[in-house]
Amino acid sequence: MIEEKIYILGIESSCDDTAASVLCNGKVLSNVIANQSIHEAYGGVVPELASRAHQQNIVPVVDQALKKAGISKNDLSAVAFTRGPGLMGSLLVGTSFAKSLAYGLDIPLIEVNHMQAHILAHFIEKEGYKKPAFPFLAMTISGGHTQIVRVDGAFQMTVIGETIDDAVGEAFDKSGKILGLGYPAGPQIDKRAKLGNPKAFHFTKPKVDGLNFSFSGLKTAILYFVRDHSKENPNFIAEHLDDICASIQYTIVGILMDKLKAAVKDTGINRIAIGGGVSANSGIRTALKNAEQKHGWETFIPAFEFTTDNAAMIAIVGYLKYLKKDFAMQNTMATARLKI
Ligand code: KG4
Ligand code: ZN
């Protein structure tokens, strides 16, 4: 019997990346991302500029994704898109485009929750990567979110902990801004941290109940720390940048690992998957690998290309929903605050 080929086009436009990807039966044929460099000058994402850039990018990005996949739009089985959560103006671009394309081709439309997609990215077929068995715990760490989710099935997810203020990616980015690093600062702090001493400076970890997180206090502590030291020595940042970055990263990774350990204790589940932009961080990757040895955890770390925002993760959710015939209606609306 010849296996039926299900081609899913995924479209992601929730923040500042316009992305499109084609999957065939869960395998990536193309994964195209247009980053918006315009925000660098502002030190953060400017929503109005993001939606305008999405409008410019969406057609060429989808066109490239189809070309790289070596298929025509008429071969598509369905179109999946990010419905939320995210920036409203940005979400509207992907949503309207996906709706029109599915309508024009007369194929199913599939709505995807961006945070579910960061978790289900682990189900993309990729050599050398295994898929987590249910139940597992997922920690989604990005520029907009920080959650620990109990995953009992592909679409059975319960948030058991989340940030009460800033997301962990914001903690990286805002600390970097204080240090004069460009946006987004997370990858730069990671790079510098490799050259520094993680115990050079001590930052107090916040005390937050249960499995919730807080990062706004750390940001303020870093601001005062830098201000006070710079008063004594105007070159303090330049002279100690690697050590400061290593110490910040060490503190943040410590906060994440403490909560993961508590979550494992509470649930009795020791299969841990991470997702979201911050899961590219080398500190958290190493800490998780060490926990395999130290605590007997089974850990799942996504390939780099599926950590930061991408459309392959939207397309894999599209594929899983396609198999269940879980289709969206044409009147589906982009939703900025969409819960898992
Ligand atoms: O998932 P993502 O691409 O977009 C959101 O949905 O937010 O995550 C972006 C975040 C940014 O805050 C960025 O600084 C952070 O991920 N990030 C990192 C690293 N790579 C990206 N943070 C720390 N270390 C990294 N290597
Ligand atoms: Zn994301």
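The second largest pocket has 26 lining residues, and Gln249, Tyr250, Val253, Gly254 and Ala287 lie nearest its centre. Helix H7 (236-267) and helix H8 (282-295) are the elements that each give two or more residues to that lining. H7 has the largest share, 10 residues. By class the lining has 10 nonpolar, 10 polar and 6 charged residues.

On terms: on a 1 Å grid over the protein atoms alone, a pocket is an open set of points where a 1.4 Å probe fits, with protein on both sides within 12 Å along at least five of seven lines, and lining residues have an atom within 4 Å of a point. Helices are DSSP runs (H or I, at least four residues), numbered from the N terminus. Ala, Val, Leu, Ile, Met, Phe, Trp, Tyr, Cys and Pro count as nonpolar, Asp, Glu, Lys and Arg as charged, and the others, Gly among them, as polar.

This is a predicted model, where local features need pLDDT of at least 70, side-chain atom pairs count only at pLDDT 80 or more, and totals for chains, interfaces and linings use all residues. Residues are numbered from 1 along each chain as written, chains are lettered from A and ligands numbered from 1 in the order written, and side-chain values use heavy atoms, without hydrogens or water.

Now ligand 1. Of the 19 residues around it (a heavy atom within 4 Å), Gly143, Asp173, Asp190, Gly277 and Asn281 come nearest. A polar backbone atom of Gly277 is 2.9 Å from a ligand 1 oxygen, and for Asp309 the distance is 3.0 Å.

Note on methods: Polar contact = N/O pair within 3.5 Å; in protein donor to acceptor, adjacent residues only side chain to side chain.
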